[in-house]
Amino acid sequence: MDVVILSRLQFAITSMFHFIFVPLTLGLSILVAFMETRYVRTGNEVWLGMAKFWGKLFLINFALGVVTGITLEFQFGMNWAEYSRYVGDIFGAPLAIEATAAFFLESVFIGVWIFGWNKVSKTFHAVSIWIVAIATNLSALWILLANGWMQHPVGYVIRNGRAEMVDFLAMVTNPYGLLKFFHTVVSGYVVAAFFVLGISAWHLLRKNRPDFFLPSFRTGAVFGLASLFLVLVTGDFHAVEVAKTQPTKFAAMESVWETRRGAGMSLITIPDPANERNSVEALTIPSMLSYLAFHRADGEVKGLKDFRKDERPPVTPVFLSFRAMVAMGFFMTLLALLSVIVSFRGTVEKHTLLLRVLLYSIPVPYLANQLGWIVAEVGRQPWIVYGIMKTSDGVSRSISAGQVVGSLIGFTLLYGLLGFIDIFLLAKYARKGPDGDLASFIKPASKEA
Amino acid sequence: MEFQIIWFVLWGVLWAVYFMLDGFVLGAGMLHRYLGTTDGERRVIINTFGPVWDGNEVWLITAGGATFAAFPTTYALMFSYLYTALLLLLFALIVRGVCFEFRGKLESDRWKNAWDTAIMVSSFLPALLFGVAFGNIFRGLPMDGAGYHGTFLSLLNPFGILTGVLFVLLFLVHGALYLSVKTTGELSRRAQVTANRFWPWLLAVAALFLVAAYPATRLYENYLAAPLLLAVPLLAVLSLIATRVFSAQGRALSAFAASCATVILVIATGVVGLFPNLIPSSIDPAHSLTIFNSSSSAYTLRIMTVVAFIFVPIVIAYKIWVYRVFRAPVTERDVIEDVQSY
């Protein structure tokens with residue numbers, strides 16, 4: 001295998017691993033901040049217990065999210081030196097701003113939150129977790145603006161043999177990046193909502209502390225439903241932006257081969273890339289695809305055959321990932337809706353089937369997030385920066401396949417081990433429930449730690 | 001052109017502040033197994049830097065990000081040329097970060113012991129690797145128009161290793177002094193004794209470094225051209241001596257402050273000598289990476305200067321505030337009472 005394939009594989013593994021932890025951080029930070037705020041406002045210690053219990057799980061998850069992020073920053077230079085050299089003038093800026101304006105805030109105030117229970121006022125303690133939540137989401141904004149630039153480069157000229165920034169404002173208001181940001185963070189909120197719902201369901205099925213897990217359940221359900229609504233809305237607008245700026249990705253997402261006006265969408269489609277057609281197209285909704293792409297029934301959807309073969313992304317993985325992601329989105333919306341209904345009717349504990357489904361649905365939003373990234377990144381191929389630089393031109397010239405094989409094995413082993421330990425600890429503390437922490441809050445000398 | 005000089009200064013400041021702040025965490029991490037004789041003491045040590053280590057490490061991320069944004073060619077070539085060394089560094093930093101969080105999560109001696117060993121190794125390795133990397137940057141990398149002619153093993157040349165040892169000793173003394181300030185009683189006393197024990201070795205290696213740099217590097221060219229600059233290494237040596245003097249007087253906080261100054265000035269000594277190079281070529285000076293031939297466009301540098309001048313002071317302000325909030329030494333009672341501590 002060559003350095004390009006190996007480096008792509010390594011970037012995929014390390015960024016997908018990173019993105020196991022990031023979405024939960026994005027959403028759970030907000031939920032914990034909300035819970036602690038409720039405690040500060042009402043003085044009700046159940047909310048304090050919730051902030052501490054979910055906060056502990058938040059921290060176990062947070063640690064891996066932070067350390068695996070450094071890998072990505074290093075990797076641009078290590079494996080993608082030609083890319084970094086060519087686009088660093090514009091691409092480096094959002095990364096540097098992310099560190100200075102967001103990552104510092106997040107990592108300094110997480111320290112205040114973890115260690116400051118007795119050092120800062122109750123109100124400021126709650127403020128510090130809000131700062132963490134906001135900074136985490138700001139971090140995501142800068143990273144996704146950087147990624148948005150790779151998807152839809154704006155605000156640059158090619159000069160001195162590289163892409164140079166000429167319009168900073170265009171980069172930070174790149175609609176592609178902003179839509180991607182909104183869609184990605186609200187998808188993270190869904191992960192957090194289903195995490196809280198699933199773990200609450202586990203305890204409720206065991207009749208364990210309903211006074212604690214019913215409010216947790218309701219918080220997760222409402223947050224989940226609201227986030228899913230936003231996921232669908234931002235997803236829809238994001239798709240329109242993709243159709244406009246990345247026609248090859250859009251065509252691959254929907255497996256469209258021929259350019260058509262008023263294109264329909266077939267609910268059942270089986271792509272046949274070898275013959276540049278779909279072997280099955282059934283249950284077609286007329287004009288649906290044109291509507292999704294342009295919010296106009298007569299819009300012209302570009303087919304893959306309009307593009308050179310070597311400038312098309314691989315269709316099957318992009319198509320399947322997109323379909324599966326969308327299906328999961330609707331499935332989760334249904335679950336969240338049911339959860340909200342039973343929660344407000346006060347009948348959560350009677351619906352054991354729903355609770356069981358929720359428990360086993362914890363991985364679903366994780367999977368949907370990963371599939372979304374496959375659509376975004378595989379769908380961009382063969383470009384590393386859409387339309388201006390091919391992925392194969394971006395790789396470092398000074399590294400050998402042997403070096404990358406070595407680092408790939410190292411990452412796989414290290415991440416495998418750390419991921420295993422992290423999930424083990426999350427499961428252990430999730431099962432344990434809040435009692436230990438509440439008891440130790442009341443009697444500080446408890447051995448619980 | 002002025003912006004490139006501003007960014008060179010900022011680049012040096014970011015590295016210096018990073019080493020000053022993470023240096024004591026790395027040093028305390030190397031010593032934690034040895035200084036902490038019981039689980040309680042080890043927890044105290046980890047909790048002395050618990051609230052701040054993460055924020056300290058962000059200076060590294062920022063130094064990396066600033067290199068990327070301001071000197072993309074240097075960023076690209078440095079990271080790809082030093083692939084294996086950076087990979088080891090990355091693995092160590094990843095392990096160190098999770099150690100602190102995971103260690104206290106199971107009540108098992110074997111579990112804690114394993115993480116304690118991991119903390120030691122994952123603190124030692126970055127200290128050594130940073131030193132080796134900077135030693136080689138001072139020396140220059142074997143690069144020309146055809147690319148890079150070195151390997152991971154060629155980084156382990158005598159001057160590279162000497163700089164690696166210098167960094168390890170510098171952080172050991174720095175970390176021990178930090179612990180002497182941030183702990184109490186017997187543990188604090190032991191930390192101070194340890195700092196004093198390593199100090200003569202640090203002085204000897206620092207002297208050797210200053211001598212060896214003359215034949216091994218071109219760092220002295222700037223100093224010979226403008227002898228006034230010799231104040232920087234001179235102050236570095238003076239603050240190193242002050243460290244020991246304060247320590248002997250039992251003034252732990254002053255000793256630690258002097259140690260902070262030492263770290264900053266050691267980095268400054270190297271950075272001043274490098275100017276205007278970021279990475280000199282050891283085989284063909286025409287292919288040295290300088291702040292002029294590897295920088296971003298004037299427009300990008302201007303934007304980034306505005307960003308830095310707005311945000312860096314804010315960061316420094318809230319970091320100082322946080323250090324004040326957590327200024328009290330950590331005791332065993334604190335870590336037992338605080339269920340959220342490490």
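In chain A, the lining of the second largest pocket draws at least two residues from each of helix H6 (175-205), helix H7 (210-245), helix H8 (247-254), strand S4, helix H9 (288-294), helix H10 (315-345) and helix H12. Please keep in mind throughout that this is a predicted model. The volume of this second largest pocket is about 930 Å³, and among the 38 residues that line it, those closest to its centre are His183(A), Gly235(A), Phe322(A), Met325(A) and Val326(A). Sorted by class, the lining of the second largest pocket holds 25 nonpolar residues, eight polar ones and five charged ones.

S4(A) covers residues 265-272 and runs antiparallel to strand S5(A), residues 277-285, with seven bridges joining the two. Within this pairing, Ile268(A) of chain A has Ala282(A) of S5(A) standing opposite. The two strands form a hairpin in which four residues lie between them, and in that turn Glu276(A) has a positive phi of about 55°. Most residues other than glycine have a negative phi, and most peptide bonds are trans. Leu283(A), which is placed in strand S5 of chain A, likewise has a positive phi, near 50°, while being a residue other than glycine. Leu283(A) counts as exposed because its relative accessibility is 56%, and the cut-off for exposed is over 50%.

Two of the helices in the list, H6 and H7 of chain A, have between them a loop that contains Arg209(A). This residue is not a glycine, yet its phi is positive, at about 50°. Arg209(A) has a relative accessibility of 18% and therefore counts as buried, since that word is used for values under 20%.

Pro382(A) is found in the loop between H12 and strand S7 (383-385) of chain A, and the peptide bond that runs to Pro382(A) from Gln381(A) is cis, with omega near 0°.

By class, the largest pocket is lined by 28 nonpolar, 11 polar and six charged residues.

Chain A also has a second hairpin to examine, formed by S1(A) and S2(A) with two residues between them, where Asn160(A) in the turn has a positive phi of about 50°. Strand S1(A), residues 156-159, pairs with S2(A) in the antiparallel sense over four bridges, and Ile158(A) stands opposite Ala163(A) in S2(A). In a regular strand the side chains alternate between the two faces of the sheet. In S2(A), residues 162-165, Arg162(A) and Glu164(A) point one way while Ala163(A) and Met165(A) point the other way, and all are buried.

Finally, chain B has a helix worth a look, H3(B), residues 53-70, in which Glu57(B) lies. Glu57(B) is buried because its relative accessible area is 2%, and its side chain makes a polar contact of 2.9 Å with the side chain of Arg96(B). Leaving aside neighbours within four places in sequence, Glu57(B) is in contact with Ile70(A), Tyr18(B), Leu93(B) and Arg96(B). Trp53(B) lies in helix H3 of chain B too, and Trp53(B) counts as buried because its relative accessibility is 5%. Among the residues that Trp53(B) touches, not counting those up to four places away in sequence, are Arg96(B), Gly97(B) and Tyr342(B).

How values were computed. Residues are numbered from 1 along each chain as its sequence is written. Chains are lettered from A and ligands numbered from 1 in the order in which they are written. This is a predicted model: local features need pLDDT of at least 70, side-chain atom pairs count only at pLDDT 80 or more; totals for chains, interfaces and linings use all residues. Side-chain values use heavy atoms; hydrogens and water are left out. Two strands pair if DSSP finds at least two bridges between them. Buried means under 20% relative accessible area, exposed over 50%, partly exposed in between (1.4 Å probe, protein chains only). A polar contact is a pair of N or O atoms within 3.5 Å; within protein, one must be able to donate a hydrogen and the other to accept it, and residues adjacent in sequence count only if both atoms are side-chain atoms. Contact means heavy atoms within 4.5 Å. Ala, Val, Leu, Ile, Met, Phe, Trp, Tyr, Cys and Pro count as nonpolar, Asp, Glu, Lys and Arg as charged, and the others, Gly among them, as polar. On a 1 Å grid over the protein atoms alone, a cavity is a set of points where a 1.4 Å probe fits but cannot get out, and a pocket is an open set with protein on both sides within 12 Å along at least five of seven lines; lining residues have an atom within 4 Å of a point. Grid points are joined across faces, edges and corners, and a volume is the space filled by probe spheres set on the points.
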